[in-house]
Amino acid sequence: MSPSDPPNPADQPGAGDGSAVFWESKAFVEKLGREVSGKQLELPAFPDVVLQLRRALQDSEVGPDRLARIVSADAGLAARVIRMANSVVFSRGGAAVTDLKKAMVRIGFQNVRSAALSFALQQLRMSGKVRHIRGFLEQLWQDSTLTAALAYEIARATRAVDPEEALLAGLMHNIGKVYILSRLEPGSPLMIRPAVRGEVLRDWNAHVGRAIAENWDMPDAICQAIADQDQQEREHNSRADLTDVLIVAVSTAASHAEDNVACPDPGLLRPFEKLSFAAEDWKRVIEDSGANINELRAALGG
């Protein structure tokens, strides 16, 4: 199935068993497909300031003065931006900044977008509307911040792509799952059947995530990386790209979470070859950047 084709509801878990789980799951994925096709993809409880910032960043000529006025309207978001600017990763030993405009100039507009996204998802996790999925959202957020930090360090170490773009791609890679979970009602079959829920999340995450990224006018490279994040055997003739970086970051985060091992076998992933990573190289990157990874996760609220 290509990323441009939505999953077929008839192929979803439970097909043919005649159960209520199958029929309700079928209805859910059909509705999900309509929302994706119609670009009706908005997450609940997103702060107005983040929506305003998203619209402002769509303007290629937007400047720090305008962005600072928008961000300063919410103390929590402003604090997140300043915290990121003063983290070890972005301050590089420079003096601490307290001025919002200087903070945004230091980290760059792409990282302002990442700060806003991390703030918005934190607000979503705290919303009473999603109380029934709060635990799932927290797990996804921890995975997203780890993947984002790893993607940033991979991009920085290999110079394959812009580290700021890699950071944002890592933050966004699970956004499809966040959206799907936000659409589940308490007591629905997908809430009480982990196997069914897990299969729907796995089958739809990349497709929904790409649609959301496109709806938010994310760079094309980020949209494509989200769509192809599961294509571990992906082959292409061009140089290493953002998708390669994201695939390696996702795989590394999964290895870390499951086995407490921060380095999957590079021989199992074609993107490692594109990035010219041997096992020793990757272990060295992880060891050398461990503090940066923890610092980035903290700055993002993870």
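Helices here are DSSP runs (H or I, at least four residues), numbered from the N terminus. The structure is a predicted model, in which local features need pLDDT of at least 70 and side-chain atom pairs count only at pLDDT 80 or more, while totals for chains, interfaces and linings use all residues. Residues are numbered from 1 along each chain as its sequence is written, and side-chain values use heavy atoms, with hydrogens and water left out.

The largest pocket holds about 590 Å³ of space. A pocket is, on a 1 Å grid over the protein atoms alone, an open set of points where a 1.4 Å probe fits, with protein on both sides within 12 Å along at least five of seven lines; lining residues have an atom within 4 Å of a point. The volume is the space filled by probe spheres set on the points. Of the 20 lining residues, L140, D143, H173, N174 and K177 are the closest to the centre of the pocket. Two or more lining residues are given by each of α8 (134-158), α10 (175-182), α12 (194-215) and α14 (242-259). The lining comprises eight nonpolar, six polar and six charged residues; Ala, Val, Leu, Ile, Met, Phe, Trp, Tyr, Cys and Pro count as nonpolar, Asp, Glu, Lys and Arg as charged, and the others, Gly among them, as polar.

Helix α12 has 22 residues and spans 29 Å from its first C-alpha to its last, close to the 32 Å expected at 1.5 Å a residue, a value taken as 1.5 Å times one less than the number of residues. At W204, α12 bends by about 50 degrees, the bend being the angle between axes fitted to the seven residues ending there and the seven starting there. Just after α12, D217 takes a positive phi of about 55 degrees.

Two aromatic pairs are found in the whole structure. Rings of Phe, Tyr and Trp (its six-membered ring) pair if their centres lie within 6.5 Å, with planes under 30 degrees apart counted as stacked, over 60 as edge-to-face and the rest as tilted. The ring centres of F46 and W216 are 5.6 Å apart and their planes stand at 40 degrees, so this pair is tilted. F46 lies in the loop between α1 (20-37) and α2 (48-57), and W216 in the loop between α12 and α13 (220-227), so the pair ties together parts 170 residues apart in sequence. F46 is buried at 11% relative accessible area, and W216 is buried at 2%, where buried means under 20% (1.4 Å probe, protein chains only), exposed over 50% and partly exposed in between. The rings of F90 and Y152 have centres 5.8 Å apart and planes at 70 degrees, so the pair is edge-to-face.
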